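Open your viewer and get your selection tool ready.

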Amino acid sequence: MMLLRGLRPLLLLLLAGVALATGTHAWAAEPLRIGSKRFTESYILAEILAQTARAGDPAAAVELKQGLGNTAIVHAALKAGSIDVYAEYLGTIEREILGHATTGAPLAQLQAELRPLGLAIDVPLGFNNGYALAMRSARARALGLTAVSQLKGQPALRLGLSNEFLGRADGWPGLSRRYALPQTPTGLDHGLAYRALADDQIDVTDVYTTDAQIAALDLTVLADDAGFFPRYDAVLLYRVDLPRRHPRAWAALQTLRGRIDEAAMIAMNAQAEIQRQPFDAIARAFLAKPRSQAGGALAAASASASTPASASSPRLEPGVGRSTSGLWARIAGPDLGRLTAQHLTLVLGAVGLAALVGVPLAVALHPWPRWREALLAACALLQTVPSLAMLALLIWAMDRIGPVPALVALTLYALLPVLRNCTVGLSEVPQGLTTAGRALGLTRGQVLRSIQLPLALPVMLAGLRTATSLSVGTATMAAFIGAGGYGERIVTGLALNDQALLLAGALPAAALALVLEAAFGVMGWWLARRRRG
């Protein structure tokens, strides 16, 4: 009974987390879900889609799932119905989603191939955002480089390419074959590549042709003289039932047809990456302008925002030189409460499920050492799987994104400390005490409840404590599949190369870990005091 009384507050808190994590979305009406990839332009376009849909149908619930990851993850989310629409590029649809060896297929053919997948494309937004290779202009001039084909004669150049570009058929694999390039590139996040260029850590990286940093960092875009890269005209990729389920919102989205030209897109990217304006504010300002004025006004803004720094007007690098008060303002931003609730729900839900599964398993297998060790070995093996790989596998297995696969992944990672500490705690109970209990006529269940579990409780509690601390950090990865939490800020900070935003996500996570650690400390003190009493 002492065990039940001691664990009751913790179990109630953990079960509440489980209920919140698994039931939050069950009560809401079917919303319109808009997704984005994990780079600046995709964030902005998703905001434009969301605000346009809300304006067209104020009664509709619109959910925005930002920064879901690369094409494979966002496409999987779309097919599974976890999102309904996102901005994609024709070249990516042909090469990565449909697996074409070449590009330029008629739109009717693409529609016919997408329909069996339950998908369709429509609403060309009006701009092309292609892949290219770029390097610092000073370095390019010194080496006399203007085209990709000239890289063949520069094997010592350091190429730092985004991880997605390294794996895409229309990225490095095809490009290196077409040009017979001898370099061996390293992979890094797209947003961090610009800082690596600026710090002279790499010589060449892949860019999107609408990136604002091309002008801001005075980069030279190397000519694709062999014509390898296809066009990447921006369109909406959506589920075929979207127009039927949300007819008014879909009609509003149709008004975006041809509305965003390349100058406007570059300008909006500059406002996000250089001026540090919020994505929603950028989208709101763009939509407030008449169609005839949007491109010109934003192009002017882009020119002023992305002009390389001069001696008379020094430009701060992203995330550098920000004041402490500015950092704290970003930490205490309006989304702090929502992100804290999401992060805490994931952590408590995962630890609660791990306890509900792990403790009974440890108790049941305690008399059988071989089975117990096999289970611990399997849980230890799970710890070696990288969190992003685990999330990707669960998306594939569960055919969905969001809190549920994230909760399952966190639970699997939390199982090992729960199981191990429960096993150790039970093993440390003196055999003489259990033998004495049985000699007094107690059943095995009574010995377990009255002797073994109460004595093992401090060690078991330490396992829950370790699992909770680990889950706080691992839960930041859940933002990569739209599960929310402090990882949202970290993912966005990576995309923007914004160190202040990275800290605004990392510091609250660290603070939450300290708070939960203190809570376990108080609980351990209280249990020890009750045992002495």
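Keep in mind that this is a predicted model.

Now step back into the helix itself, residues 172-179. Which residues of helix 8 are buried? Colour Trp172, Gly174, Leu175, Ser176 and Tyr179 to see them.

Keep helix 7 displayed for the next stop, the second largest pocket. Helix 7 and helix 19 (387-398) each supply at least two residues of its lining, and helix 19 gives the most, with 3 residues. The pocket has a volume of about 430 Å³. To centre on it, select Arg38, Gly69, Asn70, Asn163 and Glu164, the closest to its centre among the 17 lining residues. Colouring the lining by residue class will give you 8 nonpolar, 5 polar and 4 charged residues.

For the last stop, show helix 2 (residues 40-56) together with helix 13 (residues 262-273). Their axes lie 10 Å apart and the helices pack at an angle of about 105 degrees, which means that helix 2 is roughly perpendicular to helix 13. Display side chains for Thr40, Glu41, Ile44, Leu45 and Ile48 on helix 2, and for Met265, Met268, Asn269, Ala272 and Glu273 on helix 13; these make the contact. By class, the contact residues are 6 nonpolar, 2 polar and 2 charged.

Technical notes. Residues are numbered from 1 along each chain as its sequence is written. This is a predicted model: local features need pLDDT of at least 70, side-chain atom pairs count only at pLDDT 80 or more; totals for chains, interfaces and linings use all residues. Side-chain values use heavy atoms; hydrogens and water are left out. Buried means under 20% relative accessible area, exposed over 50%, partly exposed in between (1.4 Å probe, protein chains only). Helices (H or I, at least four residues) and strands (E, at least two) are DSSP runs, numbered from the N terminus. Axes are lines fitted to C-alpha atoms, for helices over the stretch in contact, and angles run from 0 to 180 degrees between N-to-C directions. Angles under 35 degrees count as roughly parallel, over 145 as roughly antiparallel, 65 to 115 as roughly perpendicular and the rest as oblique. Contact means heavy atoms within 4.5 Å. Ala, Val, Leu, Ile, Met, Phe, Trp, Tyr, Cys and Pro count as nonpolar, Asp, Glu, Lys and Arg as charged, and the others, Gly among them, as polar. On a 1 Å grid over the protein atoms alone, a cavity is a set of points where a 1.4 Å probe fits but cannot get out, and a pocket is an open set with protein on both sides within 12 Å along at least five of seven lines; lining residues have an atom within 4 Å of a point. Grid points are joined across faces, edges and corners, and a volume is the space filled by probe spheres set on the points.
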